[in-house]
Amino acid sequence: MRRPELLVVGVVLGVALALALGAEQPLSYARDVEPIFIKECVECHGVENPKKGLDLSAGTGLKAMLDVKSTMVDMPMLKAGDPPGSFLWLKVTHTATQGKGMPRTLFGVRKLPKEQLDLIQQWIIQGAKP
Ligand code: HEC
């Protein structure tokens, strides 16, 4: 008896869900990128005596990099929309011409997993949003 009504409700809910899932939500520094840096980088880029003065600890990393000139090369550490124009990107992809790839380790370097690099790249392309 009530089947047609249920069907209508079902279709409406389905469409709403599809719209919600499909809506593109830009990646966020605080939510998506910073947790990676907190885990992988603050050992050397923390509050105390950070390497090259670059402090990536919670709440400071984005401001420390966005449109801030590198201390090593003549380019910004982070340029919104432009991964190849961001020294940070060259560092984490190990394509920088100065210094080593990041994250460094005691004896060498390590590369972040591809999913994390993809995420960082997308975040920069989407405008390096907070
Ligand atoms: C074991 C220590 C260590 C770790 C871990 C580390 N770094 Fe570094 N970082 C350094 C040192 C030392 C330098 C300067 C020498 C060089 O570039 O090799 C540097 C330089 C940099 C620079 C260039 C700063 C400038 O002024 O241009 C960036 C950007 C950077 N690191 C990002 C990161 C990121 C992002 C991570 C984590 C994914 C990370 N680093 C992890 C030691 C570290």
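## Exercises on an all-helix model with a ligand

The protein has five helices and zero strands, where helices (H or I, at least four residues) and strands (E, at least two) are DSSP runs numbered from the N terminus. This is a predicted model, in which local features need pLDDT of at least 70 and side-chain atom pairs count only at pLDDT 80 or more, while totals for chains, interfaces and linings use all residues. Residues are numbered from 1 along each chain as its sequence is written.

**Exercise 1.** Determine in what order the elements of the protein run, and how its radius of gyration relates to the globule rule.

*Solution.* From the N terminus on, the elements run α-α-α-α-α. The radius of gyration of the protein is 20 Å, well over the 14 Å that the globule rule gives for 130 residues, so the protein is more spread out than a compact globule; the radius is taken over C-alpha atoms, and the rule is 2.2 Å times the number of residues to the power 0.38. Next, take the principal axes, along which the C-alpha trace spans about 75 × 25 × 25 Å.

**Exercise 2.** Describe the shell around the ligand by its nearest residues, and state which helix gives the most to it.

*Solution.* Begin with the 24 residues around the ligand, of which Cys41, Cys44, Ser70, Thr71 and Gly99 come nearest; a residue is near a molecule if its C-beta atom, placed from the backbone, lies within 6 Å of it. Then assign elements: helix 2 (29-40) and helix 4 (87-92) each supply at least two residues of this shell, and helix 4 gives the most, with four residues.
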